Each structure stands twice: as structure tokens, then as C-alpha cells.
Amino acid sequence: MALKETRLAFLPFFISKQKKLNVVIIGGGYAGIAAMTTLLRHAPDSSITLIDPKTHHLKITHLHETFRYPLTDLLVPFTDIEQRYGCRHIPASAHFNAEALQQCQQTQQLLVNDELLYFDYLLIASGCENRTSDHVDNVLSLQDFTDTAGSEFLTQAFVRNYPTEQSISVVGGGATGIQFLFEIKQFLSRIKSKAILRLIHSGDRVLEQFPRGFDTYVQTRMKELDIAFHPNTYYRQQQSTHLLLAEKHTQKQFELTSGLTILLLGKSQRPSFTANAFGQVLVDQKPLPNIFVAGDCSVYQSVGSNTLTAQSAVRKGKLVAHNMLRHSGLPGLLEPYLHPDLGYVVSLGSSDAVGWLGTENALVTGLPALTLKELVEAQYDLLLAGIDTYLV
Ligand SMILES: Cc1cc2nc3c(=O)[nH]c(=O)nc-3n(C[C@H](O)[C@H](O)[C@H](O)COP(=O)(O)OP(=O)(O)OC[C@H]3O[C@@H](n4cnc5c(N)ncnc54)[C@H](O)[C@@H]3O)c2cc1C
């Protein structure tokens with residue numbers, strides 16, 4: 001059965017020569033871009049409209065690197081994407097509930113910025129929001145780093161004479177928190193700052209969602225680099241120059257000085273769309289044939305990986321593009337989503353990383369892990385440039 005399904009991926013598409021596909025893609029992130037480039041590779045005549053409120057595509061998997069590179073290195077203006085691919089970008093947000101989805105399927109129209117857009121296929125790839133908190137002066141969240149480079153924030157904090165000189169706290173020991181933590185440590189070393197750097201984490205070990213071995217490797221490196229670790233601790237509030245925390249088990253509150261606090265609390269509750277194994281959105285358990293979903297906002301009912309990763313987003317984006325083409329030719333022959341997780345690497349600054357490859361027991365650390373991460377990132381850069389090197 002699995003073999004038969006895998007073979008399906010290599011079947012040619014039946015693209016009607018007369019038909020020029022009209023596709024509207026909501027969200028120009030990893031899944032949206034992967035779908036667009038795949039569609040255009042197989043059906044270059046397709047007319048694609050990209051709806052995204054931002055002016056740039058953001059290579060967000062590099063965001064922690066803005067402590068050493070400018071943020072502009074990670075931004076690809078949608079105007080460049082329009083020119084490169086002949087698509088149209090409309091700066092707008094689109095939101096859907098079950099009723100709106102059903103109506104879109106019936107009419108194959110979507111109203112955006114007072115303009116009625118007709119589509120053969122609609123793809124929702126609007127990602128998943130990160131958890132935020134109320135704005136407080138010396139508290140930053142992931143969203144802040146999408147507008148301003150990490151190095152700039154730290155430099156500003158030092159100039160404003162926040163007690164950042166004494167302490168910086170990162171809250172959240174997941175992959176994003178850890179990647180930021182090590183970059184900050186290297187940044188502080190480069191500017192010869194003696195500020196205390198600490199990690200506050202609600203669990204008893206870092207990177208709990210990864211195989212055992214990740215935590216010990218990272219915690220050992222933290223110790224070596226003099227990064228303080230507060231496990232089983234909840235963040236409550238930043239109060240001027242202090243951080244209010246609570247012990248997880250006793251709920252006892254305590255304070256630490258913190259001039260700057262960086263909250264990296266992971267993804268918020270997913271406002272996700274459920275899809276069948278072909279990526280078609282399900283409403284009341286019934287697929288909407290012309291509406292697909294991919295990326296972090298999607299959960300597919302299939303054996304493939306539903307992790308919130310760029311890896312899954314790209315694979316789902318490519319799959320739905322194939323299935324739009326298949327559906328427009330021979331609607332019965334759609335390709336199921338079977339992509340497994342192939343590995344994951346968490347970088348620990350510019351010269352170290354920890355990850356797994358192939359099977360979760362195959363731990364890779366140091367330079368080999370870093371090289372692996374760079375290869376994966378380079379593969380996405382090539383896709384953005386229109387060269388698809390993803391074999392699986
Ligand atoms: C710091 C960091 C490092 C990471 N590192 C890795 C890694 O090494 N490997 C890995 O596999 N994954 C990594 N990830 C996860 C990965 O980035 C996400 O899983 C991936 O970006 C999801 O792709 P997506 O297309 O679903 O969403 P996104 O890439 O988030 O794109 C969503 C797009 O939709 C737009 N949008 C949002 N709402 C709307 C709306 N209502 N209407 C229209 N458009 C909308 C947004 O502006 C955005 O352009 C990392 C994430 C972070 C934050």
C-alpha cells in the first residue's frame with residue numbers, strides 16, 4: 001500500500017492545455033512559497049495571487065541569527081517575489097470560519113480589500129501565531145524580532161542604561177528559546193559584556209519535545225558558558241527592573257533582577273484547519289475539493305508529520321500544489337501526505353548545534369550538526385530562487 005502511494009508521487013500530472021489555473025494563496029511563508037514555486041514549475045501559466053499583510057517574506061528559521069547578521073538578510077520583499085514569479089501580492093489578512101470556507105467553496109470567490117478574487121483553488125497557509133504577553137517596556141517577544149534585529153535591541157538596551165548590564169533573562173527552553181539564548185551569549189561575549197544571562201523554563205529540562213540527549217548536551221554547554229538555569233519556574237511578570245517568578249511545584253513567588261526579559265513561549269493555541277490526507281480542508285468531516293491548507297495552520301488526517309516545522313510546511317506546500325494540478329486534470333488521482341520527520345537541528349550559536357537525523361536515536365552534535373542545518377537552510381534558499389532540490 002505504502003509503495004503504491006509513493007509511486008503516485010511520480011505519476012505525471014494531467015494538465016489541461018486550455019486551462020490556466022487561478023490560485024489564491026493566503027500567507028507567503030514557507031508553505032505558501034513552496035506551493036507557489038511548485039505550481040509554477042509544473043504549470044507556468046498559472047495565475048497566482050498571494051495574500052499576506054507583510055511587505056516581505058521572512059526566512060524566520062534564521063531569526064535568532066540577527067544577533068550577528070542584519071535582519072534585512074532574512075527579508076525577501078514581496079515585490080521581488082512578484083517580479084521573479086510573475087505573481088501578484090495583495091497586502092491584506094484573510095480569516096475564515098467554517099461558514100466562510102463553505103461559501104468560498106460554493107462561489108469560488110474571495111473578497112479581499114473590496115476586490116472580488118475568483119479562484120480555481122484556494123490555499124490557506126497563514127501559519128500559527130506565537131504566544132505573546134501585554135506590552136511592557138523591557139520585555140520582548142518573538143514578534144519584536146521580526147521588526148528589529150536582536151543586536152539592535154541589545155545595543156539600545158545598553159545605551160538606555162537599562163540594568164541589562166547586570167542581567168538578561170530568556171523565558172522558554174524550547175528550540176526557539178535555546179537558539180536565542182546561545183546567540184545572545186555570543187553577542188555579549190563579542191561586546192565584552194559581563195551581564196548575567198539566564199534561562200527560565202517551566203519544565204525540569206530543556207528541549208523536552210526532543211529525544212533524550214538533547215537536554216544533557218545543551219545543559220552541559222550552558223554550564224560551560226556560565227548561563228544560569230532556572231528549571232520548573234513560571235514567569236509571572238516583569239516589574240521595572242525585576243522579574244516576578246513562581247516555583248512550579250510550590251507556587252512560591254520570588255524575584256530576580258532583570259534589565260531585559262525575552263519571552264519565547266512557543267506557539268499559541270493553533271487556530272488550525274483539519275484536512276484530509278490530500279490537504280483538502282475538512283468542514284463537518286467533508287472535504288472542500290477546491291480549498292487546501294498547508295503549514296503550521298494545518299493538521300492532516302494522515303500518517304505524515306504534522307509538526308510545526310519548516311520541513312513539514314514545505315512538504316505540505318509542495319503536496320497541495322501537486323494535488324491542485326492533479327485535481328484539475330483527473331480529480332480521482334490525488335497524492336496522499338506521507339512525509340515523515342527526517343531530522344531536526346537546534347543551533348547553539350555560530351559554531352555548535354545538536355540534532356537528530358534519520359531516526360531519533362541518531363544524535364548529531366557540533367560541526368556535523370551545524371553543517372546539516374546549513375544544508376537544510378540552503379535547500380530552502382534554492383527553492384525560493386526557483387530551484388527545487390527536495391527529493392523526499
Ligand atoms: C526562531 C525560529 C527558528 C525556527 N527554526 C526552524 C528550523 O530550524 N527548522 C524547522 O523545520 N522549523 C523551524 N522553525 C519553525 C518554522 O519556521 C515554521 O514551522 C514555518 O515557518 C511554518 O511555515 P508556514 O508557512 O506555515 O508559516 P509562516 O512561515 O509563519 O508563514 C505564514 C505567513 O502567513 C502570513 N499571515 C499570517 N496571518 C495571515 C492572515 N490572516 N492572512 C494572510 N496572511 C497571513 C504571515 O505574514 C506569514 O508570511 C523555526 C521557527 C522560529 C520562530
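Two residues are taken to be in contact if their C-beta atoms, placed from the backbone, lie within 7 Å. The model is a predicted one.

**Stop 1: the domains**

Colour the chain by domain: domain 1 covers 2-129 + 268-341, domain 2 covers 139-263, and domain 3 covers 342-392. Next, select domain 1 together with domain 3. Their C-alpha centres are 23 Å apart. How many residues of domain 1 are in contact with domain 3? There are 15, and they meet ten residues of domain 3. On the domain 1 side of this contact, α2 and α9 each contribute at least two residues. By class, that side consists of six nonpolar, five polar and four charged residues.

**Stop 2**

**Stop 3: the nonpolar cores**

In soluble globular proteins, nonpolar side chains tend to be buried together. Display the largest nonpolar core, which has 49 residues. Within this core, Ile25, Ala35 and Leu123 touch the most other members. Helix α9 (residues 310-329) provides the largest share, eight residues.

Centre the view on Ala35. Beyond residues up to four places away in sequence, Ala35 touches Ile25, Leu123, Ala125 and Ala294, and also Gly317, Lys318, Val320 and Ala321. Another core, of 44 residues, lies apart from the largest one; its members include Phe145, Val171, Leu260 and Tyr344.

**Stop 4: helix α7**

Is α7 mostly covered or mostly exposed? It is mostly covered, with twelve of its 16 residues buried. Among the buried residues are Ile178, Phe180, Leu181, Phe182, Ile184 and Phe187, as well as Gln179, Glu183 and Lys185. Past the helix, select Lys192, whose phi is positive, near 60°.

**Stop 5**

Most residues other than glycine have a negative phi.

- Gln251 has a positive phi, near 65°. Its place is the loop between β14 (242-247) and β15 (253-257). With 8 C-beta neighbours inside 10 Å, Gln251 counts as exposed.
- Gln285 also has a positive phi, near 65°. Gln285 is in the loop between β18 (280-283) and β19 (286-293). Gln285 is exposed, as 8 other C-beta atoms lie within 10 Å.

**Stop 6**

Select Phe214, in helix α8 (residues 214-224). Why does Phe214 count as buried? Phe214 has 24 C-beta neighbours inside 10 Å, and a residue is buried if that number is 20 or more. Leaving aside neighbours within four places in sequence, Phe214 is in contact with Leu207, Val346 and Val354. For a distance across the model, draw a line from Phe214 to Asp137: the two are 77 residues apart in sequence, and their C-alpha atoms are 33 Å apart.

Move to Ile90 in strand β5 (residues 88-90). Ile90 is partly exposed, with 16 other C-beta atoms within 10 Å. Its contacts, leaving aside neighbours within four places in sequence, are Thr49, Ile51, Val112 and Asn113.

Finish at Leu333, in the loop between α9 and β21 (343-347). Leu333 has 13 C-beta neighbours inside 10 Å and counts as partly exposed. From Leu333 to Asn323, ten residues apart in sequence, the C-alpha to C-alpha distance is 8.3 Å.

Conventions
Residues are numbered from 1 along each chain as its sequence is written. This is a predicted model: local features need pLDDT of at least 70, side-chain atom pairs count only at pLDDT 80 or more; totals for chains, interfaces and linings use all residues. A nonpolar core is a set of buried Ala, Val, Leu, Ile, Met, Phe, Trp, Tyr and Cys residues joined through C-beta atoms within 7 Å. Helices (H or I, at least four residues) and strands (E, at least two) are DSSP runs, numbered from the N terminus. Domain bounds come from an automatic or database domain assignment. Ala, Val, Leu, Ile, Met, Phe, Trp, Tyr, Cys and Pro count as nonpolar, Asp, Glu, Lys and Arg as charged, and the others, Gly among them, as polar.
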